[in-house]
Amino acid sequence: MSIDTIIFEKYNAAVRLAELENSDLKELIFANENSASEGNIYLGKITKKIELAHDKIGFFIDINDGHDAFLNAEEYGLKEVNYTEGQSIVVQVAQEKRAEKGARVVRAIQFVGERIVYCPYRMTIEASSRIEDKEKLAEYKEKVLENTTGQEGWILRTSAVEVPFEEIAKEMVELRNLYDDVRIKARSAKAPALLYAKTAPLFDEIRRYQNSLQMVIVNNHNVEAELKEKFGDKYEIAYEVNPFEEHGLEDEISDALLKEVKLPSGGRICIEETRACVCIDVDSGNDNGKGSISALNQEAAVEIAKQIRLRNLSGKIIVDFAGSSDYKFIKPVLETLEEELNKDSNRGRVLGLSRAGNVEILRVRRRPTLQDVLTEECETCQGTGRVMK
């Protein structure tokens, strides 16, 4: 996915960010600087110890986010903890809270830099699989090892090999200093307390799409000045009072909350978010595509991938395409779906076809869905959205 325009709005602590490609809305990000965002690090207080399946242990952690966060005592690469209620523990938000569920936190904290990721609790040097220059990658991994001190791990990001190693070495020192600051704060803070706040999503997204990005539009003069100082003339930086409204994004956000999405051919897809999974149904509707179910499903596959990104649908996603569910008919549709999902930075995995004939997708849940952010369950109908006859 090649994003050419980012639109950023900030009102007090509330932040909205829209990403466009050729004026077409591709992704929305909503954040609140007062809530526990993914990547934030806290000194949490254990409020309850709970028993999980297979004799495992978990904890509810107070991080002052409205709902207690959940911590699994067992994490890959770390010894299982056995704390008691009332104790303090340093944790990082891995998954933000949604609806009635609190955030999910981990002990294996990490600091994401522009070129490299610092993992204090690892002892490995890894790299992005997207780095194509394997010779240079091997050279940089060796240099990272030479600059490693004590027990620590690193992950080279895709853009790491695009700059001189001196910049990587400088960033390693900066990230290591951030970790030292967190440790110092944790010694004197009283739980629950914020120890480290991740940078605003705007700068993360600019870095993510730096090769295709052309324009950034903001509604805040301070942010405008900061962007011009940091990036100079690399991107066109513009100020608008109400950019979401001026670019027609308010209507598109409203449309993204509807259960039904109409397809150009006359078909439609229906999207239902449940607590267990997301269900998507493809219906021929008033299909005027000369009755071609294959063409309808191909069209639906592209739109489904777009809606998954736009609505930030995640977890288990079940799709019932139109017509026959025989693999020989559905295989080209699966290939299109995989191709479109690969454009997503938070890639969804197509698991294949179930025995019931449904396509299964799994997408990592990091942030709440658009529905969770902008709506709440109706107390009268208790979420059914239906009335008595």
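1. Overall size. This is a predicted model. A compact globule of 389 residues would have a radius of gyration near 21 Å, and the protein has 23 Å, which agrees. Along the principal axes, the C-alpha trace spans about 65 × 55 × 45 Å.

2. Secondary structure and contacts. The protein contains nine helices and 21 strands. Of the contacts between residues at least 6 apart in sequence, 58% join residues at least 24 apart.

3. Surface and burial. Buried residues account for 43% of the 389 residues. The protein exposes about 21,400 Å², and 46% of that area is supplied by carbon and sulfur atoms.

4. Charge. There are 54 positive and 69 negative side chains. The centres of these two sets lie 5 Å apart. A search of the whole structure finds 27 salt bridges.

5. Glu-38 and Arg-366. These two side chains form a salt bridge, with 3.7 Å from N to O. Glu-38 lies in the loop between strand S3 (24–32) and strand S4 (41–51), and Arg-366 lies in the loop between strand S21 (359–363) and helix H9 (370–374), so the pair ties together parts that are 328 residues apart in sequence. Glu-38 is partly exposed because its relative accessible area is 22%. Arg-366, with a relative accessible area of 33%, is also partly exposed.

6. A network of charges. Salt bridges that share partners join Glu-21, Asp-24, Lys-26 and Lys-306 into one network. One of the bridges in the structure is between the side chains of Glu-21 and Lys-26, at 3.9 Å from N to O. The cut-off for a salt bridge is 4 Å. Lys-26 has 14% relative accessibility and therefore counts as buried.

7. Arg-309. This residue lies in helix H7 (residues 293–311). Arg-309 is buried yet has no salt bridge. Which side chain of opposite charge is nearest to Arg-309? It is Glu-340, 5.0 Å away. Leaving out residues up to four places away in sequence, Arg-309 touches Met-1, Lys-26, Glu-27, Glu-340, Asp-344 and Arg-363.

8. Ile-217. Strand S14 (residues 215–218) holds Ile-217. Is Ile-217 buried or exposed? Ile-217 is buried, because its relative accessible area is 1% and the cut-off for buried is under 20%. Neighbours within four places in sequence aside, Ile-217 is in contact with Thr-5, Ile-6, Ile-7, Phe-8, Ala-238, Glu-240, Pro-243 and His-247. Glu-240 is 23 residues from Ile-217 along the chain, and their C-alpha atoms are separated by 6.8 Å.

9. Cys-277. The loop between strand S17 (268–273) and strand S18 (278–283) is the place of Cys-277. Its relative accessible area is 18%, so Cys-277 counts as buried. Not counting residues up to four places away in sequence, Cys-277 touches Glu-272, Lys-316 and Ile-318.

10. Backbone points to check in the viewer. Most residues other than glycine have a negative phi, and most peptide bonds are trans. The peptide bond from Ala-191 to Pro-192 is cis, with omega near 0°. Pro-192 is placed in the loop between H2 and strand S13 (193–196).

11. Two asparagines with positive phi. Asn-64 has a phi near 60° and is found in the loop between strand S5 (57–62) and strand S6 (69–72). Asn-312 has a positive phi of about 55° and is found in the loop between H7 and strand S19 (315–320). Which burial class does each fall into? Asn-64 counts as exposed because its relative accessibility is 62%. Asn-312 counts as buried because its relative accessibility is 7%.

Methods. Residues are numbered from 1 along each chain as its sequence is written. This is a predicted model: local features need pLDDT of at least 70, side-chain atom pairs count only at pLDDT 80 or more; totals for chains, interfaces and linings use all residues. Side-chain values use heavy atoms; hydrogens and water are left out. Helices (H or I, at least four residues) and strands (E, at least two) are DSSP runs, numbered from the N terminus. The radius of gyration is taken over C-alpha atoms; the globule rule is 2.2 Å times the number of residues to the power 0.38. Buried means under 20% relative accessible area, exposed over 50%, partly exposed in between (1.4 Å probe, protein chains only). Contact means heavy atoms within 4.5 Å. Accessible areas come from the Shrake-Rupley method with a 1.4 Å probe; for residues, only the protein chains shown count as cover. Lys and Arg count as positive and Asp and Glu as negative; His and the chain ends are not counted. The place of a charge is taken as NZ of Lys, CZ of Arg, CG of Asp or CD of Glu.
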